[in-house]
Each structure stands twice: as C-alpha cells, then as structure tokens.
Amino acid sequence: METVTPQHFLILASLLFAVGFLGVVIRRNILLVLMSLELMLNGINVALVAFSRSGTNMDGSLFVFFIMTVAAAEVSVGLALLVAFYKKRKSIYSEGMSLLGN
Amino acid sequence: METVALSVLLLPFLSALVTLLFLRKQGNIASLLSVATAGGILALSLFLIFAGHGETFSWSVTWIKLSGWELEFGFLIDAPARLLLFVVSFVGFLIHIFSLGYMADDDAKARYFGGLSIFMFSMLGITLADNLIMIFVFWELVGFSSYLLIAHYFSTEEAAKASRKAFIVNRIGDFGFLIGIVLTYWIFGTVSLEELGAEANFRPHLVTTFLCLALACGFIGKSAQFPLHVWLPDAMAGPTPVSALIHAATMVAAGIYLLLRIEFLFTPEALALLALLGAAMGLYAGFCALVQRDIKKILAYSTLSQLGYMAAAFGLGMPGIALFHLMTHAFFKALMFLGSGSVIHACHHEQDIFKYGGLRKRMPITAYTFLIGVLAISGVCFLSGYFSKDAILLGAYNLNLPVFIVLYAGAILTALYMFRLYFITFEGESRSKYAKQAKENSPLMTGPLIVLAILSVIGGYHALFPVEIVGALIEDIRRVAQMDNHLWMIILGTLAWVGGALVARKLYGKVKQDDPLASKAPGFFALCRSKLFFDEIYGLYVKRIQDPFARFLEVMELLFISGLMVRGSAGVAGLFALFAKAFYVGKIHAYALWFILGTLGFLAYAVGFIGG
C-alpha cells in the first residue's frame, strides 16, 4: 500500500494554487475572483502544514493560523470594497474597473 | 559732501520713479516736477563745485563683494568733473525750461519728462563715477535714455528705426569698451580711476595701444565718431530739446570726457590715431552738413564735426583744450539746437530749411540768438568758439601740420554750412505758408536762448568763470597761449570764417525751393549727399554677411540644440514611456497576471534559475 508522502501534499497544494490563479486571471465576476484568491491561500496553507508535519517543526502550522487571520481580514476588506463598487456601478464585473487604462 | 553728491545723483532718479509710478497721466505735474528737479540738480551741483574749494574730492563704499574682488561705488570730483557737472546741470536746466514751451502741446509729456530725468540721472552718474565699471553702468543708462527719447514719436517709422539704430550702433562701441574694461582689470588689477592713474604712472610699460583703443571704442560709439557715426544724424528724429541736450551738449560729449578720465592710459600711437580720426571726421561731417535740407540734420553733422575737433585736440595731447571746446560747444550748439527747435515749433514741425526763409523779421529773438551761435561756431574773433577752436587749430599748427590742414579745411566748411543754414532760414523771402505765418515763441522758449547766447559770447573768456569750474582748462590754455604764430592764426581763422560767410552769402543769399549747389556742381553735390555710402555699406554688410551668418547659426541651433539635444533627450524618454504604456491596459486580470509573473520571476532569481 502506498503511503502518503509530502510530495503528494505538495502536488495537491500546487494544484489548488494553480486553480486559484487561473480563477483570478480568468473570471470576470469579482466575487469569484476573491474566492479564487482564497483558494490560492489555502493551497499555500496545505503546503505549509505538510512541511510542518514532515519536518516535525510547528512553525509551519503556526504560520497557517496567521494566514487564515490575514485572509479573513483581506476578504472582509475586499467584500466591503465590492459592495461599495456595486452601489456605485450596479455591477460586480471587472470590465467596469478600467478607468485608469489608456 | 558725499551726501550732496548722492542726493544730486538720486534726485533725478526719484523724479523719474515718481513720474513712472504716479504721474503717467498727469503730464503737467510731471513736467513741473522734472523742471524743479533740474533746478535742484543745478543748485546742488553748484554747491558741490564750490564746496571743495577747487580740491579733488573722492569717496567710495563697497558695492558688491565677491571672494577676492570688490566693486566700489564712489565719486571722484576733480577739475574736469566739476566742469562737466556745471555744463550738464546748467545746460540741462535751460533745456528743461525750453522743453516746457516746446512740448506744451504734446500728448505724452509725462513720458518725455520722465525720460529727461532718467537721462540727467545717468549723465550725472558718468560725471561723478570714480571707476570704470560704474562709468560703464551709467554709460549704458544714457544709451537707454537716449533710445527712449529718440523714440518719443514712436508711432512714426523714422523715429522707431532711428532709436533702434542708435541703440545697436552704440552696443557695438560699448562691446569694445567692455573688453577694454576687462582687459584693464586683467592688466592693472583695478578699475578705480585714481588707482589706475597711479599704476599707469608707476609702471608705464603696462600701458598698451590695444588696451586704450579698446577703451576708446566706447568714445567712438557714444560720440558718434568714425566708423560708428551713422546713428547721430538719424537720432534727430527725436524731439528737438532732446537733440540739444543729449545729442549735442552732453551725452555725445561724454565720450570726450571718458577719454579725459583715462587720459593716462593712452600711448602716443593711439593719440596720433585719434587726432587723425577726429580731424577726418571734422572734414567729412562738414561736407555732409553742406548739402542737407533738414535743419536738425545740418546741426547733427555739425555736432559730429565739432566732436571730431575735440577728439583731435585730445589726440594732439591737449585734453584741457578738448574740454574747453566741449564747454563752449555745449553752449553754442545747445543754443542753435534750441533755436532750430523754436523755428520748428513756430513753423508747425516743418524741418526743411528751403521751406523757411525770411524768419528774421518774424522771429527776431530766435534769429539774432541763432546768428550769435553761427558766429560763435564759425570762430568769429572774441566769441566763445573763437577761443576754443582757434586754440585747437593753433595747437595743431604747431604740433602736427597734416592734422592742421584737415582741421582748417573743416573750419572753412563750418563757416560755409552754418552761414548757409542761417541765410536760407532767416533771410530772403518766406517760401511756405507756415513760414509766412510764423510768430516768435513764448518767453519760456526765448529765455533759454538769450541766456545761452550770452554764454556763447562770453564762454571763451575763461577768466570770467570761477576757478572751481574751469580749473581743468587753465594749464592747457596757458600752454597754447605760449605757442608761436598767434597773429598768423588770427589771420587764418578770420580768413576762414569771412571766406565761408561770403561764399555762403553769394551762393545762398537768394534761394528758391532748390539747393543752388545741386545745379552748379551736381557731381560734388551728389557725392556729399551720398555721405560716402556708409549707411549703404553697413546695410549691405548686414544683409550679405550678418544675416546669412545668423541664419546659419539658426539652422545649427535648430539641428543640434533644439533638435538633437532637447528633442532628442525628450524622444528617448518618450520611447521608454511608449514601452511602459503597453502594460497599462486597464484590465484587472492583466495586472494580476503581470504581478504573479513578476513574483515568479523574483522566485526564479532567488532559487537561482536565472541571474545566478
């Protein structure tokens, strides 16, 4: 029976990160962009926990809590901005956010 | 005493400032202020002249201090300065009064009298200055005020052009003067007149011909001597009192005064050259004056000729005599210019002498005072011009015969063209409507004429003047008085003016509308009219050489400075901007993509994939 090695966790982490990244780059809906951003952070969390476990060092796990806190704060700020943006433009699609382009 | 000197200098400046700031629309108040200022200047100047009891007064303070170099602001009131101070303040005051009458109907009186005050300020500055740089500053200021006043009738093409011409031609001379000043500082390490005098005495080997000729460029430009004489006749486009004050009595004479101030820097070769140039100018301007129709241009050429006499006197080593002639010339030439102003004013600004005639009966005071001026300049015995001019001629006869011959020919011409002017203007029949209606002017205008006429008669008796004023002249006058051939010179001088007057009487006693010389000697007439083509030659030079050169420089400037350097560097920055702008698309996804790619790039660098 195959055991689960850190490599597997790393593959899972990078897949999560890649899916999140594609979501950020491709999605038009800002709400989904924010969610994809969370997915990227979670990918990183997985990698950190895996490192922590294989290295018998709690630093990685500790870092995950920080990331979750920061992510919560970031999402709340992001959602607040989104609400404000929706109130002004009646839209949550990214095409409206191009006033600074040339 | 320095307080008085400072106030005499600042008084006209303040008057000009007040006129400029508050009185631009109140011409009458401005004119009274300016005349009162001139009176104040006269009073303070007389105090300055007599307070020192004939001793040299000098005073200076530091004006600008740079490391190791100090520029002083100071006064040097010695004998020549006292004389010029007297001439400037006295003649200036009379001309201010005359201006009250002459400019009574002018629309821009405030500008005119403000300009006169600026001129008095700058001229007094030249008179009192104790170093070359200060002289240069005021030198430029008189040039500026001369420009301002020539262009008084700036709506006429003639005046606008003349003022520009005067300014530019003066700039050429002043450039040489500036080079001279820099060289003087380079060689002697000082520009103070007193220190320069001591240095030049102490180390005569430092004095070079090139240096003094460079300084003399200032004189050549300002006194309108060959080859920069072309501006003065054109400058007659200004109001007549201005021509009297600036272009006859004081500013053009400042050139001679400058020579006197730096007399110790002149080498014998430079002096000989100046004598020759001056004598040639005396003759050349005489020929030009002989065929002019404009009353003021005749007087302008006559001024050129008399300035030539002064330069010749200086060149012959008789600076005192040059100054003497400067003084008497200031009297009789200001008299004649004001007389011509009186005539022009009475004849509705007609300036062609062939449109006058018979004015003696209608304007007796102007006519007789003018006649005194004519007699004085022609050198009739015992009038002021006789003493100063015959002193120059006698000195030339004994010191340098070729110069004497040229000057003597000039003296005959002087009598000829002056009597021509007198006969055509004041004798015979009136030849135009205005001349028939002419009336004598108000006492405001005839008063100064009478005072100047008296001075033109007695101005030559230097013993009549206080020694404080004429102290600078006495030594050279004594020297000339001890020379030989006095009787011979009296005979020659009398022959010159009697001959000139008789020829003028015969030729011009009864003229019609045309110059009789034009039909009797057409070739000679045309040659004199051409003024030896100086204006044409300069015009050609400007058109053929200077303008193409300027255009060449313009192309070079367009190509290299504005093209390659200014536009070029802007273009390089622009290219970078074009490249950077390509990233700035306005889509949030693109920014995120670039951000992540950038992060990956940093990561790759940190891990060591790229860049090592």
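Guide: Helices (H or I, at least four residues) and strands (E, at least two) are DSSP runs, numbered from the N terminus. By that rule chain B has 26 helices and 2 strands. This is a predicted model, in which local features need pLDDT of at least 70, side-chain atom pairs count only at pLDDT 80 or more, and totals for chains, interfaces and linings use all residues. Residues are numbered from 1 along each chain as its sequence is written, while chains are lettered from A and ligands numbered from 1 in the order in which they are written.

Visitor: What is the mean pLDDT of chain B?
Guide: The term pLDDT is the predictor's confidence in each residue, from 0 to 100. For chain B the mean is 88, and 100% of its residues reach 70 or more. For the complex, the predictor gives an ipTM of 0.77 and a pTM of 0.79.

Visitor: Why is Leu32(B) called partly exposed?
Guide: A residue is buried if 20 or more other C-beta atoms lie within 10 Å of its own, exposed if 12 or fewer, and partly exposed in between, with C-beta atoms placed from the backbone. Leu32(B), which lies in helix 2 (residues 27-51) of chain B, has 14 other C-beta atoms within 10 Å, and is therefore partly exposed. In sequence Leu32(B) and Phe113(B) are 81 residues apart, yet in space they are 8.9 Å apart, C-alpha to C-alpha.

Visitor: What makes helix 25 of chain B hardly covered?
Guide: Among its 48 residues, the count of buried residues is 0, whereas 51% of the 612 residues of chain B count as buried.

Visitor: Where does helix 25 of chain B bend?
Guide: The bend at a residue is the angle between axes fitted to the seven residues ending there and the seven starting there. For helix 25 (residues 534-581) of chain B, that angle is about 35° at Gly563(B).

Visitor: Which residues touch the most other members of the largest nonpolar core?
Guide: A nonpolar core is a set of buried Ala, Val, Leu, Ile, Met, Phe, Trp, Tyr and Cys residues joined through C-beta atoms within 7 Å. Of the 204 residues in the largest one, Ala312(B), Ala334(B) and Leu407(B) touch the most other members. Two residues are in contact if their C-beta atoms, placed from the backbone, lie within 7 Å, and, leaving aside neighbours within four places in sequence, Leu407(B) is in contact with residues including Ala279(B), Tyr309(B) and Ala312(B).
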